[in-house]
Amino acid sequence: HDGEGYVFEALDNSHALVYWFSFDPAGERRWFFGSGSNDNGVIHFDDMLTTRGARFGGAFDPEDVGVSSWGSLTLELTCDGGTARYASIEPGFGDGQLQIQPLTNLLDCS
């Protein structure tokens, strides 16, 4: 989707990080993040997290930051793209599947 994307980082052969920049059901910006594990090329992020409440700049107060579990994400990545499957526990998001178009290649892709 326009304005939506993932930053994926493989930490080693079995662990990874992901940041997902997306939107909530009302069209407001939402960011999700998590650490996961690689199971035969399928990366499972069983506890995706999201934050709420903080403001940037001089209005920032760490006491305003709330972190909560959002749901799960599974990535199946190839050199040409991949599939993201998600299941949210937060009302309004549901579950679904998205096709991924890479902007860069994985290190071992030609």
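Start in this predicted model with the hairpin that joins strand 5 to strand 6 through two residues. Select residues 66-78 for strand 5 and residues 81-88 for strand 6. The two strands run antiparallel, and eight bridges join them. To see one of the pairings, pick Gly71: its bridge partner in strand 6 is Ser88.

Stay on strand 6 and colour it by accessibility. The strand is mostly covered, with six of its eight residues buried.

Select Gly82 and look across to strand 7, where Ile100 stands opposite. Then follow the chain through the hairpin of strand 6 and strand 7, which has six residues between the strands. Stop at Gly92 in this hairpin: its phi is positive, near 100 degrees.

Now move to the second largest pocket, with a volume of about 320 Å³. To find the pocket, select Arg29, Thr51, Arg52, Gly53 and Ala54, which lie nearest its centre among the 14 lining residues. Show strand 3 (29-39) and strand 4 (42-52) as well; these are the elements that give two or more residues to the lining of the second largest pocket.

Methods: Residues numbered from 1 in each chain as written. Predicted model: local features only at pLDDT ≥ 70, side-chain atom pairs only at ≥ 80, totals over all residues. Heavy atoms only, no water. 1 Å grid on protein atoms, 1.4 Å probe; cavity = no way out; pocket = protein on both sides within 12 Å on 5 of 7 lines; lining within 4 Å. Points joined across faces, edges and corners; volume = space filled by probe spheres on them. Helix = DSSP H or I, 4+ residues; strand = E, 2+ residues; numbered from the N terminus. Buried < 20%, exposed > 50% of the residue type's maximum accessible area, 1.4 Å probe, protein only. Pairing = 2+ DSSP bridges.
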